[in-house]
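Visitor: Let's go through this one. Start with a term I'll need for helix packing.

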Amino acid sequence: MTNLLFHNVEFCKSLYIVYLGLQILMLQFLIIMNKANLCYYICMKTLARFIQTKRNEMGYTQKGLAIAANISVDIVEEVEAGKELFLSVTVRQALAKALKCEPDEIKAFEKDIASAIVSPEIIESLKQLILNGAGGLKCPKCGAPLDTRIARMYDLEDNLILHPKAHCTKCPFQIHS
Ligand SMILES: [Zn+2]
């Protein structure tokens, strides 16, 4: 009898671990989709516009900019079409020099907008995982380990309410509910 009970408990535990694993996989999927979509729709469009505007201000054609920056015209075309997601340091510096701006100005368009937005689904999924006791969670913005905890609070009627909390060990990302 005790043996059977023990087996059942073990079985439930392994089921639970599988369940947590699936939740984490789902979260990672959401994070990837989040990054891909937002990069494409917001961030890269903005980078494209920034480069295009600067180029027009300087009076360059796409080819002219490529020559001035000593990079391939394909790169200029892809950046302006919103296809090139992140620039290499060399390309960024070359573009900045030709466009008479700081490399950091360009970099801001590459990265900050893409990582500034974490979708509500990801936040919700993270909250569930914290409540379920999943450990080793990673920040959806930068990938650094998340510090997580569950705050126990009581409402006016003395009901215990669990609030999942998290903050990133590296960047300003946090969940406070
Ligand atoms: Zn972070």
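Guide: Axes are lines fitted to C-alpha atoms, for helices over the stretch in contact, with angles from 0 to 180 degrees between N-to-C directions. The model is predicted: local features need pLDDT of at least 70 and side-chain atom pairs 80 or more, while totals for chains, interfaces and linings use all residues. Residues are numbered from 1 along each chain as its sequence is written.

Visitor: OK. How many helices and strands does the chain have?

Guide: There are six helices and three strands (DSSP runs, H or I of at least four residues and E of at least two, numbered from the N terminus). In sequence order the pattern is α-α-α-α-α-α-β-β-β.

Visitor: What share of the chain is buried?

Guide: Of the 177 residues, 20% count as buried. The cut-off is 20 or more other C-beta atoms within 10 Å; exposed is 12 or fewer, partly exposed is in between, and C-beta atoms are placed from the backbone.

Visitor: And what fraction of the contacts join residues at least 24 apart?

Guide: Among contacts between residues at least 6 apart in sequence, the fraction is 57%. A contact here is a pair of backbone-placed C-beta atoms within 7 Å.

Visitor: Back to packing. At what angle do α2 and α4 cross?

Guide: Roughly 110°, with the two axes coming within 8 Å. α2 and α4 are therefore roughly perpendicular (65 to 115 degrees; under 35 is roughly parallel, over 145 roughly antiparallel, the rest oblique).

Visitor: Which residues meet there?

Guide: From α2, L65, A68 and A69; from α4, A94, L95, K97 and A98.

Visitor: Which residues touch the most other members of the largest nonpolar core?

Guide: L65, A69, L95 and A98, in a core of 13 residues. Such a core is a set of buried Ala, Val, Leu, Ile, Met, Phe, Trp, Tyr and Cys residues joined through C-beta atoms within 7 Å. Two or more residues come from each of α1 (2–58), α2 (62–69), α3 (73–80) and α4 (89–99). The most come from α4, which gives four.

Visitor: What does L65 contact beyond its sequence neighbours?

Guide: Leaving aside residues within four places, L65 is in contact with R55, Y60, V76 and A98. There is also a second, separate core of 11 residues, I122, L126, I130 and F173 among them.

Visitor: Stay on α4 for a bit. Which of its residues are buried?

Guide: A94, L95, A98 and L99. Seen down the axis of α4, these fall within an arc of 120°, so they line one face of the helix; the arc is that of the directions from the helix axis to the C-beta atoms. The face turned away from that buried side carries V89 and T90, both exposed.

Visitor: What happens to phi just after α4?

Guide: K100 takes a positive phi of about 50° there, although K100 is not a glycine. K100 sits in the loop between α4 and α5 (103–116) and counts as exposed, with 9 C-beta neighbours inside 10 Å.

Visitor: Switching to α6. How far does the helix reach?

Guide: α6 covers residues 120–131, which is 12 residues, and reaches 17 Å from its first C-alpha to its last. I122, S125, L126, L129 and I130 are the buried ones. Those residues cover an arc of only 140° around the axis, which puts them on the same side of α6. After α6 comes G133, with a positive phi near 85°.

Visitor: Loops next. Which residues does T169 touch?

Guide: Not counting residues up to four places away, T169 touches A144, P145 and D147. The C-alpha atoms of T169 and P145 are 6.1 Å apart, for a separation of 24 residues in sequence. T169 lies between β2 (160–168) and β3 (174–175).

Visitor: Is T169 buried or exposed?

Guide: Exposed, with 11 other C-beta atoms within 10 Å.

Visitor: Last one: where is S88?

Guide: In the loop between α3 and α4. S88 is exposed, again with 11 other C-beta atoms within 10 Å. S88 and K107 are 19 residues apart in sequence, and their C-alpha atoms are 9.9 Å apart.

Conventions:
Contact = placed C-beta atoms within 7 Å. Expected span 1.5 Å × (residues − 1).
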